[in-house]
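I opened my notebook for a pass over this structure.

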Amino acid sequence: MGINLRSSVPQPGIGQLFEVEVTVEAETDSPVDTVQVYLDFDPSILRVVEIKFGAPLEVVLQSGFDNLEGQVDYAAGTLGDSVLAPFTLVSLKFEAINRTGPSGTLLQFAPLIAPRETKAIEAGNNHLGILSPLILVIQ
């Protein structure tokens with residue numbers, strides 16, 4: 001089980017719009033019925049333009065972003081059966097607004113501290129696995 005970040009453009013240019021998909025690696029032995037994701041980013045480098053929810057978690061519980069603080073908050077669940085296969089939870093559209101050096105900038109999961117704690121839940125049990133940040137180099 002894991003929650004991953006994947007960019008449509010690993011090295012966007014200034015002013016370029018690009019998407020980052022938040023994918024959940026649900027499996028038969030680690031199903032999920034609710035996922036909440038909290039991301040942090042450098043607001044001097046990136047700006048969120050749009051949040052598009054995915055499937056199969058059809059009930060959006062939280063959806064928002066703050067471009068001043070550099071935060072994205074998203075949670076969704078299902079009233080149906082738990083999900084047993086990988087899926088895209090949400091797609092985030094960003095705009096690159098400043099260059100980075102060659103080391104890039106991080107789009108990362110917030111520290112695992114309530115209330116902004118990323119979780120992958122099934123029947124009340126957290127099945128959260130590895131969370132890895134996404135490094136973006138803005139040209």
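**Aromatic pairs.** I searched this predicted model for ring pairs and found 2 aromatic pairs. F18 and F94 make a stacked pair. I noted 5.9 Å from centre to centre and 20° between the planes. I then looked up where the two rings sit. F18 belongs to strand β2 (residues 17-24), F94 to strand β7 (residues 87-96). The pair therefore ties together parts that lie 76 residues apart in sequence.

I checked burial for both rings. F18 has a relative accessible area of 2%, so I logged F18 as buried, the cut-off being under 20%. F94 comes out at 0%, and F94 is buried too.

F94 also pairs with F41, and that pair is edge-to-face. Here I wrote down 5.6 Å centre to centre and 85° between the planes. F41 sits in the loop between β3 and β4 (46-53), F94 in strand β7. These two are 53 residues apart, and the pair links distant parts of the chain. F41 is buried, as is F94.

What do the ring pairs make of F18, F41 and F94? They link F18, F41 and F94 into a cluster.

**Q36.** I moved on to Q36, which I located in strand β3 (residues 34-40). Is Q36 buried or exposed? Its relative accessible area is 18%; buried means under 20%, so Q36 counts as buried.

Next I asked which backbone oxygen the side chain of Q36 reaches. It is that of E117, at 2.7 Å. I also listed the contacts of Q36, leaving out residues up to four places away in sequence. Q36 touches E117 here as well, along with Y74, A75, T118 and K119.

**E122.** My last stop was E122, in strand β9 (residues 119-122). I looked for its side-chain partner and found S82. A polar contact of 3.0 Å joins the side chains of E122 and S82.

Which residues is E122 in contact with, leaving aside its neighbours within four places in sequence? I got P31, V32, D33, S82 and H127.

Note on methods
Residues numbered from 1 in each chain as written. Predicted model: local features only at pLDDT ≥ 70, side-chain atom pairs only at ≥ 80, totals over all residues. Heavy atoms only, no water. Helix = DSSP H or I, 4+ residues; strand = E, 2+ residues; numbered from the N terminus. Contact = heavy atoms within 4.5 Å. Polar contact = N/O pair within 3.5 Å; in protein donor to acceptor, adjacent residues only side chain to side chain. Buried < 20%, exposed > 50% of the residue type's maximum accessible area, 1.4 Å probe, protein only. Phe/Tyr/Trp six-rings, centres within 6.5 Å; stacked < 30°, edge-to-face > 60°.
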